[in-house]
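Hi,

Here is the structure I promised to pass on.

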Amino acid sequence: MTSRFLTDGDGVWDGDEVPHSPGSCPTDASDGGSSTNCVTLKLTVGDPSGSESERWNLEVFEEATGKAVVRHCDGGFGTPGSAEYALVKGKAYTFSLKWVATNLGSYGPDYDWQAKINDSTAEGAYSGLYGTGPFIVEDSHGLLTEYTDGGPNNLTVGKEGRIIVPKIVTETVATSPPDRARKTIGVGEEVTLTVLPDGIGYVDWEVAEGEGEIVDHYSEKRFIAPASAEISTLTASFCDTSLSVTLNIIQPQEVRFARKQCQTASWPEPGAPWFYIDYQVWAYLYPDTVNFSKLFLSEGESYPYYSGSFGTLTPIPIHQMNSGHPMSDQVRTGFGTRMLEPDNIRGYSPNTPCDSGTLDWHIRWSYQFGCADNEIVYVNQHYALTMRPPVPSTNGVFRVEKRPVGGSVGCAFLEMDSQQPGNIVTD
C-alpha cells in the first residue's frame, strides 16, 4: 500500500517517491516528485564484526540548510542493512555516522562499524543506480570503511563526508520568452552554462556533437548557437566524471506582420490624380517559443508582376534589395521576435481615371548570422486597385498589403477608399 504521508509537500505521496528503480526524494520538494531530477544510490551501515555488538545509523544532510534528508539504520545487531535513496541533482550533502546502541552490557561498546555507498568504500566519482547520473563522494576522514579493531572510543564523532550530486543548468541570456531553462533555442541564441552545486571546481566544456561555440563571457561560460538548425550536445567534464545536455536549435519558420499601432495612411494633396498609401508594419520571426535577437534580416530584389492599369506605370517599379535590419530582443506571443525598427510600406496607384489592376513583388526574406545567409520565406507585397464602374473611373479602393506567400497568418494591410476620405480598414 502506498504511504499516505506527504513529507515535502511536492504533491507526490512519500510511498510513490521512495526509490522504485529509481525514485525521488520524499523529503525535498525541489525534485518535483520526479526521479529524473534525482540520483539513486545505496547506503549500507552496521557492525559485521565477530562481536555483532553495535547498532549504527548513516545520516545524510543537505549541506546548504543542514536539513536531514536520510536516516538510514542497520538491520540489527551484527547485521549491516542496505537500502536505496534518492538525492536531488544540483545539491551537495554531508554524511555522518551515528552510534545507536550496544549489546555488550557492562563491557561497554566497541564501536565496530561498516559503512558503504553503492557497496564501495572509495572516494571519487560514482554512477547512480539505474542510470540516474553521476555523483561524487568525498571522505577525508575515512568513514566509509569496515572497522573491526574494537575499542572504547567512537572514532566517528565530529567527522563527516560529502556527497555531491551535480547538474547542468542552462539559462538563455534573452529574458523573452520567459522560459529561460528551455532546451529548444533559436539560431544565434546564447545560453549560459553552469554546473551545480557551486564550488565544484574546474569544469571543461565542449561541443561533443553538432555545431555551435562555447565562449568565455567574463566569469561565465556561454554557448552560442550556430546559424542553421542543429541538435547539439554539450559535455561538461569535472572530478573524473561528466554530464551532458542536448539543445535543439531551430531556424525562423515564418515572417509575420502586424501594422504598427496608431499608424495611418498619408493622403495625397487635394485633387491629386492618384491614390497614395504610406504606413509601417512590425515584422516578426516565428515561432514565438525562442528568441532570434542576434539575427539580421534582408529583403531581396524583386521584379514586378502586374495586371490591368498598373501596366501604365512608367517605369514599372522594381523592389530594391535592402539588408542589415537588426532584431530586437522582444518576443510577442503568437508572432515571435520583433524586428527592431518597423518596415515601411508605401505605394502609388496609376493616375486616375483608370481601370482596376494589381501589382505584386515576391520578395525573398532571409536572415544573416555570422557569414551565413539563410532563406526564411518569400513575402508578397501586394497592391490592388479596385475601381467602381463605369470604368475608367476615379472612384475606387486602393489596398496595399504584405503577407507571407501562401499564408494568411501575419498579414498587414491598409486601404484607402475614394468615397470615404479618412477611412482606414484595420487588421
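Tyr111 is not a glycine, yet has a positive phi of about 60°. Tyr111 is also buried, at a relative accessible area of 13%; buried means under 20%, exposed over 50% and partly exposed in between, with a 1.4 Å probe and protein chains only.

Some housekeeping: this is a predicted model, in which local features need pLDDT of at least 70 and side-chain atom pairs count only at pLDDT 80 or more, while totals for chains, interfaces and linings use all residues. Residues are numbered from 1 along each chain as its sequence is written, and side-chain values use heavy atoms, with hydrogens and water left out.

The overall picture

The protein has 29 strands and 1 helix. Of its 427 residues, 47% count as buried. Taking contacts (heavy atoms within 4.5 Å) between residues at least 6 apart in sequence, 64% join residues at least 24 apart.

Around β8

Strand β8 (residues 134-138) is largely enclosed by the rest of the structure, because 4 of its 5 residues are buried. β8 runs antiparallel to strand β7 (residues 124-127), joined to it by 4 bridges; two strands pair if DSSP finds at least two bridges between them. In that pairing Ser127 stands opposite Pro134. β7 and β8 make a hairpin with 6 residues between them. Tyr130 sits in the turn, with a positive phi of about 60°, and at 41% relative accessibility Tyr130 counts as partly exposed. β8 is also joined to strand β10 (residues 161-165), by 3 bridges and again antiparallel, with Ile136 opposite Ile164.

Four strands form an open antiparallel sheet in the order β11-β13-β16-β15. Its edge strands are β11 and β15 (213-217), each pairing on one side only. Neighbouring strands here are turned by 35° against each other on average, direction ignored; the axes are lines fitted to C-alpha atoms (for helices over the stretch in contact), and angles run from 0 to 180 degrees between N-to-C directions. β11 pairs with strand β13 (residues 190-196) over 6 bridges, and Thr170 stands opposite Leu193 in β13.

The loop between β11 (167-172) and β12 (184-186) holds Ala174. Ala174 is buried, with a relative accessible area of 14%. Leaving aside residues up to four places away in sequence, Ala174 touches Arg180, Glu189 and Asn291. Ala174 and Asp329 are 155 residues apart in sequence, but 6.8 Å apart in space, C-alpha to C-alpha. Pro177 is in that loop between β11 and β12 too, and a cis peptide bond joins Ser176 and Pro177, with omega about 0°. Another cis bond, also with omega about 0°, joins Val391 and Pro392; Pro392 is in the loop between β27 (372-387) and β28 (396-404).

Rings and charges

Rings of Phe, Tyr and Trp (its six-membered ring) pair if their centres lie within 6.5 Å; planes under 30 degrees apart count as stacked, over 60 as edge-to-face and the rest as tilted. By this rule there are 11 aromatic pairs. Tyr284 and Phe335 form a tilted one, 5.1 Å centre to centre with 50° between the planes. Tyr284 is in strand β20 (residues 276-286) and Phe335 in the loop between β23 (322-332) and β24 (336-339), so this pair ties together parts that are 51 residues apart in sequence. Tyr284 and Phe335 are both buried. Phe335 also has the charged end of Arg332 over its ring, 3.9 Å from the centre; this applies if CZ of Arg or NZ of Lys is within 6 Å of the ring centre and within 35 degrees of the ring normal. Elsewhere, ring pairs link Phe275, Trp361, Tyr383 and Phe398 into a cluster.

Cheers

Terms used. Helices (H or I, at least four residues) and strands (E, at least two) are DSSP runs, numbered from the N terminus.
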